[in-house]
Amino acid sequence: MDIQKLYNVMRFITNHMMSIYGKHVVYPIRFHCQKKKVCSIRKKEKIRVLFLIIDLSEWKTEDLYNQMSAHPRFEPILGLTMSTESPWEKEKFRSYLDCKGYEYKDLDTMVGAINSIDPDIIFYQKPYSTNYFPKYDCVYNLNRILCYCPYSINTIDESWIFHFPIEYYSWQYYYSNDSSMASAKKKFPLITKNLVVTGLPLNDKFLKPKDSFENSWKLVEGSKKRIIYAPHHTIADFHWDGIAYSTFLEYADFMLEMAGKYKDQVQWAFKPHPFLKSRLYQVWGKERTDAYYQEWADMENTQLETGEYVGLFMHSDAMIHDCASFTIEYHYTHNPVLYLVRDEKHTDNLNDFAKRAFELHYKAKCQQEIEQFIVDVIAGNDSLKKEREKFYQECMLPPHGKTASENIINAILGEEEYK
């Protein structure tokens, strides 16, 4: 048996045992024992924080990293490593870091990287153990203080959401708002003791002035509207019930038809989930998938976007999607948004916060309703605008009148509202 197969077997056994005993045996013991270690870390002159980063499009702690870099109590370190699920992301990420002038460590070229860096705290951006090579998997770093800052806002309360080791072994698991935390604690009181409401750094990114974001849209002539088509990767045959959101197979060709039909009124951006292409390779095959993506890249009034998307959002006029996290995030633009509804059960497992955000979407269950939304965007019709503004003021801003990054720093230090 080769080393990778052996590791896969070991990880399966480890995670299976953790799922049985972790939440009710290991987790309570760790939660109790780490208090002393946290107290010691808070007394240090400099707290060394390692950000494990693997996927550029889902790196949402950049603002937190920058604020820690400017803070006298922190020494943040970016640790770049290859994702086991999307290894091609590493070089894209490296190019971004080099372009921004960020110092970082290539963990994959270091011997004993974690021990060599010796961080006080490790930040994880994704919950899935399958994304990380073994030496970076959280279950192999339980001797460190771990923090989990999700790459998306929590929208559902299912038991599998709190099944991932990083979520219950983290010292602090950051949540976006009180409504979401109350819902999770009510449903899972034994395994949500580490939830801390700070807002998320992705909130901070969206709250910056529009002109601070690079405009990645092609030059638009006249009064064309900019509409994003953002399909998710959760094609039903590949995902559990409850998160099989994708409607891509139903509407893929139709959306290209709409791009052609309204070429004089709309500039389109195709923003697929990073994993959609690999899913489509399994369904369509490589030739058809690549040709479809290339068509979006080549048409006069369309463009293909596969990287950082906040600037794309902020300079847009509307979006059409079927992605859970975008249900929340796009509301930061104050623009109209259409959700492609796959079935009537979509809201069954949403928490109250996400249900409200979803209700402020226009909905489409057929091609005619999609086209009507496009026509309304072109005409400037937006009957939900006032309700979206109210939701924004009540639910979309980080607590305590501070940025989410400031709140996370205060939570780590045990200051102000987080004593």
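Keep in mind that the model is predicted.

Let's start with helices. Two packed helices are described by the angle between their axes and the distance between the axes.

Pair one is α13 and α15. Helix α13 covers residues 352-359, and helix α15 covers residues 385-395. Their axes come within 10 Å. The crossing angle is roughly 155 degrees. Angles over 145 degrees count as roughly antiparallel, and α13 and α15 are therefore roughly antiparallel to each other. The crossing of α13 past α15 is left-handed. Who touches whom? On the α13 side, look for Phe353, Arg356 and Ala357. On the α15 side, they meet Lys390, Phe391, Glu394 and Cys395. Sorted by class, this contact holds four nonpolar and three charged residues, with no polar ones.

Pair two is α9 and α10. Helix α9 spans residues 276-283, and α10 spans 286-298. The two axes come within 7 Å and cross at roughly 140 degrees. The two helices are therefore oblique to each other. From α9, the contact takes in Leu276, Lys277, Leu280 and Tyr281. Their partners in α10 are Lys286, Thr289, Asp290 and Tyr293. That contact divides into four nonpolar residues, one polar and three charged.

Leaving out residues up to four places away in sequence, Met299 touches Lys218, Leu256, Ala259 and Gly260.

Helix α8 runs over residues 248-261, and helix α14 over residues 367-379. Here the axes come within 11 Å and cross at roughly 35 degrees. The crossing is right-handed. Tyr251, Phe254, Met255, Met258 and Lys261 are the α8 residues in this contact. They meet Gln367, Ile370, Glu371 and Ile374 of α14. By class, that is six nonpolar, one polar and two charged.

Now for the empty space. Rolling a probe the size of a water molecule over the atoms shows where empty space is left.

How many cavities of 30 Å³ or more turn up in the whole structure? The search finds five. The largest cavity has a volume of about 60 Å³. Its lining includes Leu56, Ser57, Trp59, Lys60 and Glu62. Lys205, Glu308, Tyr309 and Val310 also line that cavity. The class count is four nonpolar, one polar and four charged residues.

Last stop, the second largest pocket. Its volume is about 400 Å³. There are 16 lining residues, and the closest to the centre are Tyr96, Lys100, Phe213, Glu214 and Glu308. Three helices each supply at least two residues of the pocket lining: α2 (62-69), α3 (89-100) and α11 (310-314). Which one gives the largest share? That is α2, with three residues. By class, the pocket lining has four nonpolar, four polar and eight charged residues.

That's the tour. Thank you.

Note on methods: Residues numbered from 1 in each chain as written. Predicted model: local features only at pLDDT ≥ 70, side-chain atom pairs only at ≥ 80, totals over all residues. Heavy atoms only, no water. Axes fitted to C-alpha atoms, helices over the stretch in contact; angles between N-to-C directions. Helix = DSSP H or I, 4+ residues; strand = E, 2+ residues; numbered from the N terminus. Parallel < 35°, antiparallel > 145°, perpendicular 65-115°, else oblique. Left-handed = near helix turned anticlockwise from the far one by under 90°. Contact = heavy atoms within 4.5 Å. Nonpolar A, V, L, I, M, F, W, Y, C, P; charged D, E, K, R; others polar. 1 Å grid on protein atoms, 1.4 Å probe; cavity = no way out; pocket = protein on both sides within 12 Å on 5 of 7 lines; lining within 4 Å. Points joined across faces, edges and corners; volume = space filled by probe spheres on them.
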